[in-house]
Amino acid sequence: MSQALDIVARVRIGNRAGNPWRAPGLVIPLAFVLLLLAAVALPHWFTALAPDAVDTDAILLPPGPAHWFGTDQLGRDVFTRVVYGASQSLGIGIGATLIGCAGGVVLGTAAGLTPPVLQRLLVRLIDILLAFPEILLALLLIAVLGRGPTNTLLAVGLSSIAGYARLVRSQVLRVWQSGYVEHAVSLGESTPAIIARHVVPNAVRPLVVLATIGVGNAVLSASALSFIGLGVVPPAAEWGALLADGRNFLDTAPWISFLPATVVAVSVIAITILGRRLQLLLSHGSVP
Amino acid sequence: MALRRFGIIAAVLWGAATITFVAVKAIPGDPVAILTGGENVVDAAEREALVRQFGLDQPLPVQYLRYIGQALRGDFGDSYQYRQPVLEVIGEAAGPTLQLAGTAMALALGLAFVSALATAGRRKGLRTVLAGLELAVLSTPVYWVGLLLLTVFSFYLGWFPIIGGEGIHALILPAIALCLPLAALLAQVLRDGLEEALLQPFALTVRTRGVSETQLRLRHALRHAALAVSTLTGTLFAGVLAGSILTETVFGRAGVGQITLQAIKTRDMPLLLGLVMLSALVSVLINLAVDALYLLIDPRLRRAAR
Amino acid sequence: MNVQLVGRQDLTLAAPASRGTILEVEDLHIAFPSRLGPREVVRGISFQIGAGEILAIVGESGSGKSVTARALVGLAGPGSQVHAKALRLADHDGEPRSLTGLSERQWSRIRGRKIGFVLQDALVSLDPLRTIGREVGEPLLTHGLLPRNEIGKEIETLLARVGIPDPAVRAAQYPHELSGGLRQRALIASALAARPRLLIADEPTTALDVTVQQQILGVFQALAKAGHGILLITHDLAVAAQLADRIAVMQNGELVETGPARAVLRDPRHEYTQRLLSAVPSAATRGRWLSTQGTRPAKPPQPERVEPILALRDIAVRFTRPDRSVTHAANGVSLHVHPGATLGIVGESGSGKTTIGKVALALRKPDAGEVLFRGHAWSQLSERQRRPLRRHIQTIVQDPLNSFDPRYTVERIIEQPLLLHTDLAKAERSARAQELIQLVNLPPDVLDRRPTALSGGQRQRVSIAQALASEPDLLICDEPVSALDVTTQAQVLDLLIALQHRLGLAMLFISHDLGVIRHMSDRIAVMKDGVIVETGPADDVFDAPKHDYTRRLLAAVPRL
């Protein structure tokens with residue numbers, strides 16, 4: 001998956017010229033992501049209802065002024081559930097990405113800079129982990145750990161480590177063999193100083209962008225797990241679980257699945273675009 | 001060189017098998033209860049027989065060695081749930097999944113080639129629209145696309161069956177749902193590869209020979225882009241697998257995705273082991289094929305490999 | 001069918017025989033859109049090329065010479081606006097046809113068929129994934145000149161014509177399997193394939209070693225003799241001097257001077273041409289500044305019989321290739337550098353000169369032999385013991401961007417050695433950085449910028465400032481001016497010599513450019529295949545070369 005992230009981060013969409021701060025592509029997604037964060041911190045600002053308040057008078061109502069996203073089979077307000085679900089979905093997304101990146105940096109740096117024998121062993125370990133498609137690794141972890149929000153976070157995070165590790169290792173090797181590391185040796189810098197001052201900062205820098213986009217992807221993966229009934233289970237309001245809930249009412253009340261799914265999609269798109277903008281800003285920082 | 005490569009493959013597969021074995025043994029719960037569908041469903045004698053039949057009375061190292069030994073011979077034991085050899089269960093499920101994945105892949109390749117060839121380094125407006133659309137598709141959950149298709153074409157328009165169904169008719173919507181993210185990924189990489197190739201000095205040389213822009217793309221740039229795409233196969237395989245599980249769930253199709261879910265939900269260890277091992281094997285084989293493809297496309301690698 | 005016949009008829013003409021003007025360019029303007037409106041990069045230039053004539057357009061980077069060449073085949077680039085009073089190309093029948101206002105389809109019938117185009121460095125200018133034969137045959141196929149079954153034979157004829165031995169074998173090989181010289185010949189063959197009368201060559205020998213360059217120049221000479229008109233685009237005055245009948249000097253999009261080669265070189269009228277000519281380092285420039293033409297003061301006298309600051313004794317360096325074969329990058333190399341003096345190492349690519357630089361810097365451990373630096377057993381010390389001594393030996397490389405951490409500003413780059421080797425406080429370091437940046441003639445505001453925002457010459461000055469920060473005794477310069485234009489190169493070389501005089505620096509100066517080496521060095525070592533074939537005082541080596549290879553090398557250098 002990290003490779004897919006890399007592609008999403010790298011590929012050019014429009015013209016690269018111009019001031020990246022001023023582009024509308026930055027403001028709109030940034031505003032949306034801020035809105036999401038607000039929903040995480042202060043959900044009650046967005047809705048007066050409780051996410052699990054059952055209202056038997058309002059079962060399967062279509063979207064309207066009283067219930068923006070309609071209601072579900074128990075009369076719960078879908079919009080409220082989406083708002084309250086944001087903290088769980090984004091929390092899982094961010095937590096999983098942190099686990100993946102942290103593990104990836106440790107494993108990748110070790111696999112790039114340790115003595116040759118250990119290095120070969122670690123590279124082999126990364127290879128083995130990469131032989132499992134990420135979803136299968138996540139499913140296997142769920143099978144061992146059981147379902148629930150924390151385990152979903154762990155499963156999504158742990159299964160992404162190998163991908164990040166491979167990326168970090170290739171970056172570490174690239175920097176380690178670069179002209180400026182050799183030049184630092186000739187200036188008289190010590191090896192630990194070179195690793196701390198040049199190798200790690202330069203190798204990890206591209207990860208910042210990937211991690212941003214990775215959050216979006218982790219949200220997707222977690223919601224997919226919930227959707228197939230192996231992540232967060234109802235009645236929790238996690239986005240994937242919400243969707244799974246509504247699957248049985250597709251023919252009578254499609255909004256229960258459809259509108260939350262739209263929120264997931266728009267959120268991930270916003271986070272992805274934000275990540276790419278961040279990359280533009282970073283690359284403009286070094287190439288003004 | 002070939003021997004070394006073979007050793008690496010063996011090591012990767014052995015590592016995968018071991019990790020899976022450890023994971024499966026770490027799954028909490030009494031295997032017999034799983035086998036029989038509940039606690040204390042069978043009496044002690046029957047329990048004894050089952051334990052012996054599945055080798056659960058042996059110490060763990062022995063179970064491990066037996067499992068590795070049998071896996072080497074392609075024997076993953078019997079599924080707890082289906083009570084038939086794992087390979088048979090997988091074999092039956094593979095048909096519909098391959099059909100779905102194959103159709104989706106073919107569609108995705110077609111879409112990606114057209115989109116990338118038409119817009120790489122030209123038609124700015126269309127390029128921006130398509131590339132933006134691809135990014136959107138990549139950020140959209142597969143199951144949402146599936147739900148959208150179902151809602152519009154099955155419920156409102158009634159063109160396709162809602163659940164299950166037979167033949168081509170039932171294949172169209174799932175294949176489209178699965179193909180879109182694959183196509184988006186392929187198109188982005190292909191376009192990037194083409195644009196990179198078109199910026200190389202050799203592209204200028206080719207243009208100065210009077211070769212048309214389309215010929216330049218087809219005869220020269222496409223090979224270079226193919227190199228970029230072939231680095232993607234691992235991601236594509238993972239995407240197809242994850243996508244199949246989701247698509248099969250949304251559309252209620254039988255297939256590998258469904259039995260994988262069942263295996264996890266019912267803790268059907270032999271089946272789970274078999275599935276994981278097979279997918280690791282397939283992903284290793286794909287990587288091998290890609291390496292060979294590389295040698296075929298890029299003559300510069302041939303001497304180094306020899 | 002008809003087209004094919006016409007094509008074959010043309011091919012039977014061994015070479016375009018008719019005399020007269022092939023290309024006529026009058027008042028050519030090329031502009032590119034920019035935020036401040038169209039920006040003109042070529043401003044009204046006019047020239048002509050006759051059959052059998054070689055015209056060289058000489059200029060520095062950014063002068064507009066390359067875009068001129070590309071505009072002549074309709075490939076000036078996206079968004080370009082090309083206008084000309086007249087742009088006429090003689091057809092195969094000798095009739096002039098206008099090249100203005102052509103559609104893309106019409107251009108594609110001109111390219112390759114009526115104008116052949118040769119670019120720099122065939123390793124990247126030929127499609128690396130296709131065989132030489134298919135690349136050379138592509139124009140024949142594209143213009144439908146021959147039926148497919150006859151193309152193979154024609155390809156062999158073409159390869160033989162540009163002097164490639166075993167054409168049948170070579171045609172089946174890939175670009176990376178050929179040597180640089182053969183590759184460049186193949187590129188020329190592909191430009192000739194559809195028998196154009198006009199050949200445009202854009203820096204065709206720039207990536208090549210001098211001895212190979214000489215051969216390729218010979219190919220162009222032969223082609224001109226056979227009647228082709230040739231437009232040569234080059235930054236190298238000496239190449240133009242050797243090859244061209246007429247020379248046009250280009251600066252900022254204008255031709256400042258055009259005339260017969262001899263006249264332009266011997267008696268330059270325009271100030272820029274004069275400056276350009278006097279900036280080229282050679283035997284004659286020793287003892288004067290390159291950028292101002294003034295005489296430079298003699299070097300302060302060196303004390304007699306001092307110990308060398310750097311000595312290499314019997315150095316051997318071996319590389320093991322992936323296929324387990326062993327190459328000797330250096331074999332029995334012995335060298336001395338004396339305080340305040342410059343030792344020049346000259347050699348072609350692969351001669352091992354860069355490896356020697358790395359060994360001197362103790363970045364590569366020799367497999368045999370030893371290095372002495374200021375009396376220390378430099379190559380035998382552990383890195384920990386070496387570290388405090390490293391301030392005395394610093395390096396300048398060809399592309400300083402590679403040796404700067406991409407996150408650093410110029411100030412931080414210059415302060416890097418100060419942090420390591422001095423205990424100056426923050427403010428003192430800043431002040432020292434200011435001094436150093438002025439020492440290399442850069443404005444102080446450069447300190448806040450990043451190297452990527454600087455020009456090549458400015459970057460090289462920054463790297464000199466960094467090297468001088470730790471007050472070294474010895475500079476290892478590895479091709480320090482090879483990426484620079486000749487006038488920038490002149491300024492950097494002048495700066496290095498001025499600093500050497502002022503600070504008493506010793507230099508190990510590595511270059512492939514014999515003129516630069518001769519201008520800079522007191523003593524010279526000539527390297528070939530990891531061995532020093534000849535060493536001695538600069539004048540002796542150049543005026544009375546003893547080794548056969550030195551003689552061949554000197555003979556191959558184009559002269560002004």
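In the predicted model, A:Ala53 touches A:Gly75 and A:Arg76, residues up to four places away in sequence not being counted; contact here denotes heavy atoms within 4.5 Å. The C-alpha atoms of A:Ala53 and A:Gly75 are separated by 7.9 Å, although the two residues lie 22 residues apart along the chain. A:Ala53 is placed in the loop between α2 (24-41) and α3 (78-113) of chain A; helices (H or I, at least four residues) and strands (E, at least two) are DSSP runs numbered from the N terminus. With 34% relative accessibility, A:Ala53 counts as partly exposed, where buried means under 20% relative accessible area, exposed over 50%, and partly exposed in between (1.4 Å probe, protein chains only).

A:Ser160 counts as buried because its relative accessibility is 10%. Its side chain reaches the backbone oxygen of A:Gly157 at 2.8 Å. Beyond neighbours within four places in sequence, A:Ser160 is in contact with A:Ala96, A:Gly100 and A:Glu134.

Between chain A and chain C, the contact takes 21 residues from chain A and 23 residues from chain C. The two chains bury about 2000 Å² between them, 55% of it on carbon and sulfur atoms; buried area is the accessible area (1.4 Å probe) that two parts lose on being put together, summed over both. Of the area that chain A buries against chain C, 30% is supplied by A:His183, A:Ser186 and A:Leu187, more than by any other three residues.

Chain C contains an open sheet of six strands with mixed pairing, in the order β7-β8-β9-β3-β10-β11; two strands pair if DSSP finds at least two bridges between them. Strands β7 (115-118) and β11 (254-260) of chain C stand at the edges with a single partner strand each, so one side of each has no neighbour in the sheet. Within the sheet, β8 (residues 198-202) and β9 (residues 229-234) of chain C run parallel and are joined by five bridges. C:Ala201 has C:Leu232 in β9(C) as its bridge partner.

The model scores ipTM 0.85 and pTM 0.85. Chain C has a mean pLDDT (the predictor's confidence in each residue, from 0 to 100) of 91, with 96% of its residues at 70 or more. Over residues 1-18 of chain C, pLDDT stays under 50. Where pLDDT is low, the predicted coordinates should not be read in detail.

Residues are numbered from 1 along each chain as its sequence is written, and chains are lettered from A and ligands numbered from 1 in the order in which they are written. For this predicted model, local features need pLDDT of at least 70 and side-chain atom pairs count only at pLDDT 80 or more, whereas totals for chains, interfaces and linings use all residues; side-chain values use heavy atoms, with hydrogens and water left out.

Notes:
A polar contact is a pair of N or O atoms within 3.5 Å; within protein, one must be able to donate a hydrogen and the other to accept it, and residues adjacent in sequence count only if both atoms are side-chain atoms.
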